[in-house]
Amino acid sequence: MEREWSFSTKLLHNEWKVDRHTGAVSVPIQHASTFHQFDFDSFGKYDYSRSGNPTREALEETIAALEGGVRGFAFASGMAAISTAFLLLSRGDHVLVTEDVYGGTYRMITEVLTRFGIEHTFVDMTDLNAVAENIRPNTKVIYMETPSNPLLKVTDIQGVVKLAKAHGCLTFLDNTFMTPALQRPLDLGVDIVLHSATKFLAGHSDVVAGLAVVKDEELGKELYKLQNAFGAVLGVQDAWLVLRGLKTLHVRLKQSSESAAAIAQYLACHPKVEEVYYPGLSHHPGHDIQRHQADGFGAVLSFRLADEEAARTFVRNVRLPVFAVSLGAVESILSHPAKMSHAAMPKDERLRRGITDGLLRLSVGIEDVNDLIADFEQALSFVQERPSVSTP
Ligand SMILES: *Cc1c(COP(=O)(O)O)cnc(C)c1O
């Protein structure tokens, strides 16, 4: 029996390892927009690059194989992948969405889909009863994102899939934070896996890209039709950058996740840090589910300082991480959700969701973890001690 390679080996030793025509050890970038047809009556595999391109196809087949799906699709951004998947919906349909969904997805659902008569309800997806109670007869899609952003809440994927199947709904899952290196939602029954490949998959803060994967041929045909119809395909240079980034996905995530775990422990013990949100910490409410449904806890964590002033002081003094939106790169990225990803959310709504002014999100890169901790130690030393509540 042929041995099935492990994930890290599959990242390199796949069908695209060597170009069949030249032996090139890198996928050729095929710039052609159109393809000559050698026969008047029977056309070749490719005709026009929006409909199919060999470089994009290499990426699409690679992500399909890594996620355990039958068909993959590459888009111009994560939002293009997500928005195209939503085109499966029609007027009068309803979508049930996790309440801490990515900001761009929130905008698409609340400001665009509504104009096309597609309804939505946001629920706390960590609560399966809430999910069950909010499924309507016209619910077509249940949309998950786990662990969520920025509080790393964990959804029980199989629990939601079971409810969805009982009600004839499709399930979509944004797997950006985990990647197939750590979590394979299709194996857990999810219908469409979505990615911002801009993040961990490409991994170097140098490309914007999106991916979708399905494991059902029919759904694959429908999504292919929408990809071709809507036309938000990924360009070939960008497809190549994602393919190159993917080769090191496993080693990058391994190092970043180990460092994230160490940093989460360090921060959890620091007197100036009020709370650490990381599913790898044993007191995290989603710890057991995460351990059960994924192969790790990932490289993103959030932590809460006393207030905005404390967060500002920390950001001003920290030297290694870049202070930016985005995540999932070789360099550590620190962001302030209240002013960045969640700035558009009304303040009381934001606070209700636990996204306080002192909250910072850290996407751990591949720097030496001791350097990162030393940097955080010196930056935290500038943060004022929260005035202790005086006892009478
Ligand atoms: C960044 C991100 C997206 C959007 O992807 P783009 O490539 O920026 O369009 C979607 N979901 C999650 C979880 C993200 O982090």
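A polar contact is a pair of N or O atoms within 3.5 Å, where, within protein, one atom must be able to donate a hydrogen and the other to accept it, and where residues adjacent in sequence count only if both atoms are side-chain atoms. This is a predicted model, in which local features need pLDDT of at least 70 and side-chain atom pairs count only at pLDDT 80 or more, while totals for chains, interfaces and linings use all residues. Residues are numbered from 1 along each chain as its sequence is written, and side-chain values use heavy atoms, with hydrogens and water left out.

The chain is divided into domain 1 (7-246) and domain 2 (250-380), with bounds that come from an automatic or database domain assignment. Between them the two domains bury about 2900 Å², 60% of it on carbon and sulfur atoms; buried area here is the accessible area (1.4 Å probe) that two parts lose on being put together, summed over both. In domain 1, the residues that lose the most area to domain 2 are Leu151, Leu182 and Phe200, which together make up 24% of what that side buries.

Across this interface of domain 1 and domain 2 there are 14 residue pairs in polar contact, both residues at pLDDT 80 or more.

Turning to the annotated residue, UniProt lists Lys199 in an unreviewed entry for "modified residue: N6-(pyridoxal phosphate)lysine"; such positions follow the numbering used here, feature names are shortened, and annotations may be inferred rather than shown by experiment. Lys199 is buried, with a relative accessible area of 9%, where buried means under 20%, exposed over 50% and partly exposed in between (1.4 Å probe, protein chains only).
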